[in-house]
Amino acid sequence: MRGKLVHSFRWALAALALGACGQAEVGAVGEVPELGESAQAVLHPPPAPPSGDIVDSTAFLGPVSLGGSVQTQFTTHPQYLSFAFQVAAGAHVKLEVTHLGSSMYLDTGLFLYGPRQANGSWGTTLVAVDDDSGYGQLSKIAGVALPQGGEYLAVVSTGTGAGKKFRLQLDCLNGQCAPPVNPALYDSCDLDVATRIEVCVQARVEEIDPVLGRRMTAAEAYAACTGSDDAHAAFLDVCAPGSTTAWCSGGEQAFTQRMWPVCQRFYHYYYGLGPLVLGTHPQSSALAAAMAAGNTRCNTGENWCDGTLDTYTVPGVATVPPSLAQVALPAAYASLGELMDYHRFERWPNPESWAQFIQDHGSWWLELQQALPAELGSGAVPQVAHYYASYPVAPGAKDYHHVYVFYFPQTNRVAVLQHITHEI
């Protein structure tokens, strides 16, 4: 589309025939040069739809994370394929249809809309546009500042590229592009995502598989329903345009790296394929300070006791967390490992509670009494399991080893406190 158009009349006919506007390469709206008899580039912008939401004039192919890329192909022409991405306010980003991963002799246009409005629409106002600033006739928006945070829509178009592939790369130029993400949003498997997994597995264990010629086992069905392609499809389904689901704002990368493994671990256990496996949860500075204060108290005088604290996330489905009985032993083994068997820990015979823990050992851990519910339970007190073992450490002296599992089903988090009282 870079050939010279000798006459304005011929240029007008070409533009009319293609249903396109005659904009030259530009990096931002408002930088369109005068039209005339010189070399011009014909862009193919998506037509404004009656709905007023530009995505309705495109084939929406889902989200792309900043620093990431997506490769796909045009199936017809003209065609407009769109992708969403999230940014924080003040982001400076680069969008490029790259030479690597794109077919030879492909001519593209690149359009940027947004941010998405409260009603879910991206509108029809362009933020930036480019025709041929990339390699050959590929498109590149070398840098655009986005003072408003939110979700933006990138549209890649072609007028003649049916059957050709392209790769769209998104990059952050100022290191301040990622929107804030609340990690707690990913601590449990979203109910809509979980439902997709259950429906998929149920169908495969009940219906004859055309390839296998039999019903799948639970293990086969689990493997077939929890792959990376299933994660991508789940994200597109739950986080479709117009979705108000809070965790969707973090983008697909946060979902696949944080929530999807939670879903996988839970259903691996749910279908009897292995033990419940906990996820790691960084210990907060408040909990670390509470433990330090408690150990200082323990170590005064005759070194009466010692304590350690480990924190985990519990894989579960939002609104349907596992029970304390399902969580307690995996949590204890996660902290102690083989010591649980070596010292022959036994479950405390009486029903345990938060109040009982405070009565028995809370005087050593005064700060922890406040910090645990605040940091892990959103203020709620935990369910408690208590394991106990005693063993000789010197002639006439024993250690009394208490393992408390504090489970917060409201937040799908768990802490394991090892309190060792020394016999002097």
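The model is predicted, so local features need pLDDT of at least 70 and side-chain atom pairs count only at pLDDT 80 or more, while totals for chains, interfaces and linings use all residues. Residues are numbered from 1 along each chain as its sequence is written, and side-chain values use heavy atoms, with hydrogens and water left out.

**Ser 121**

- Ser 121 is buried, at 10% relative accessible area (buried is under 20%, exposed over 50%, partly exposed in between; 1.4 Å probe, protein chains only).
- Beyond its neighbours within four places in sequence, Ser 121 contacts Gly 52, Asp 53, Pro 115 and Arg 116 (contact: heavy atoms within 4.5 Å).
- Ser 121 and Asp 53 are 68 residues apart along the chain, with C-alpha atoms separated by 5.2 Å.

**Salt bridges**

- Arg 116 and Glu 151 form one of them, at 2.5 Å from N to O.
- Arg 116 lies in the β5–β6 loop and Glu 151 in strand β8 (residues 150–158), so this pair ties together parts 35 residues apart in sequence.
- Both Arg 116 and Glu 151 are buried.
- Asp 237 pairs with Arg 196 in a salt bridge, with the closest N and O atoms 3.1 Å apart.
- Asp 237 belongs to helix α4 (residues 228–238) and Arg 196 to helix α2 (residues 191–206), 41 residues apart.
- Glu 367 and Arg 297 form a salt bridge at 2.8 Å between the closest N and O atoms.

Conventions: A salt bridge is a side-chain nitrogen of Lys or Arg within 4 Å of a carboxyl oxygen of Asp or Glu. Helices (H or I, at least four residues) and strands (E, at least two) are DSSP runs, numbered from the N terminus.
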